[in-house]
Amino acid sequence: MSKSVLITGATRGIGLALAQKYVEDGDLVLVGTRDLNRGLDVVDELRADGGQARLLQIDLMDHGSVMQAGQWIGEQFGKLDLLINNAGVFDDHDIQASHEDSESLHQTFDVNVLGTYLVTQQMLPWLKAADDGMVISMSDELATFANFAASTPTTGLGQRISRMGVNAMTVLLQNELQGEVHFRAVTPGPIASNPARKGAPVATAVDLIQKIDQHKESDWDGKLIGADGVLPF
Ligand SMILES: NC(=O)c1ccc[n+]([C@@H]2O[C@H](COP(=O)([O-])OP(=O)(O)OC[C@H]3O[C@@H](n4cnc5c(N)ncnc54)[C@H](OP(=O)(O)O)[C@@H]3O)[C@@H](O)[C@H]2O)c1
């Protein structure tokens with residue numbers, strides 16, 4: 001059955017590939033973007049073969065746009081089946097933990113933690129109104145205490161702390177709303193989402209996210225999921 005899927009940051013990389021796949025599967029995709037022009041182009045492309053897509057302006061740094069997006073979804077549809085918190089800042093530079101700069105950290109936390117939380121909060125009424133509402137949030141297996149114990153690299157502090165925030169949000173919201181909405185965090189591993197980035201093809205991330213979406217049993221609720229299933233925090 002066709003469902004409604006909001007994907008933040010859906011105009012490039014993994015977000016765009018997800019939008020293309022869900023439209024191909026016959027779902028209605030709400031293309032979340034902070035760039036209206038690029039968003040319009042993407043929506044036109046997605047609709048070209050009869051697909052269902054709508055444009056939704058969401059800038060995770062602009063909380064007014066997040067509130068408006070929530071209101072709009074309520075007025076237009078009254079429910080949301082799936083929220084994919086894809087938009088994020090990926091701080092993959094080589095700066096050591098002791099040398100991070102405050103501006104970069106600020107932006108990373110604002111987008112990855114606060115912005116992701118506010119989008120989720122605004123969509124909660126509509127996710128609860130869906131039969132099996134689900135939130136899948138981008139995280140990172142490097143952002144777990146289980147990984148810290150074994151890891152030697154000391155770079156990516158902002159990415160790792162911010163994704164720990166996403167993991168915490170996933171657990172706490174799940175504990176509060178068990179049985180109402182599924183909350184999951186996903187770690188896709190390194191993905192070559194642009195030519196400068198090394199990793200697996202974007203289809204790997206899309207397949208994993210769709211596998212998580214299709215797994216409706218509660219054993220993955222409040223968990224971090226990777227290619228091999230549940231990972232320890
Ligand atoms: N690629 C990897 O290896 C990997 C691994 C683990 C986790 N992740 C996470 O997975 C997600 C997708 O990865 P990716 O490689 O496709 O990332 P990407 O190519 O860097 O794309 C990031 C997306 O987030 C959007 N975005 C950034 N800041 C935003 C804001 N303030 N408001 C709204 N949208 C914003 C960007 O929009 P604009 O186009 O407007 O800039 C873009 O669409 C990211 O959150 C990333 O951190 C990626």
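Modeller: Angles under 35 degrees count as roughly parallel, those over 145 as roughly antiparallel, those from 65 to 115 as roughly perpendicular, and the rest as oblique. In this predicted model, helix H1, which covers residues 13-24, packs with helix H7, residues 202-214, at an angle of about 60°, and their axes are 9 Å apart. The two helices, H1 and H7, are therefore oblique to each other, and their crossing is right-handed.

Turning to the residues that make this packing, H1 contributes Gly-13, Ile-14, Ala-17, Leu-18, Lys-21 and Tyr-22, which meet Val-202, Ala-205, Val-206, Ile-209, Gln-210 and Asp-213 of H7.

Among the contacts of the protein chain with a separation of 6 or more, 68% are accounted for by residues 24 or more positions apart, and 47% of the 233 residues count as buried. The C-alpha atoms fill a box of roughly 50 × 40 × 35 Å when taken along the principal axes. The radius of gyration of the protein chain is 17 Å, which agrees with the value near 17 Å that a compact globule of 233 residues would have.

How values were computed
Residues numbered from 1 in each chain as written. Predicted model: local features only at pLDDT ≥ 70, side-chain atom pairs only at ≥ 80, totals over all residues. Heavy atoms only, no water. Axes fitted to C-alpha atoms, helices over the stretch in contact; angles between N-to-C directions. Helix = DSSP H or I, 4+ residues; strand = E, 2+ residues; numbered from the N terminus. Left-handed = near helix turned anticlockwise from the far one by under 90°. Contact = heavy atoms within 4.5 Å. Rg over C-alpha atoms; globule rule 2.2 N^0.38 Å. Buried < 20%, exposed > 50% of the residue type's maximum accessible area, 1.4 Å probe, protein only.
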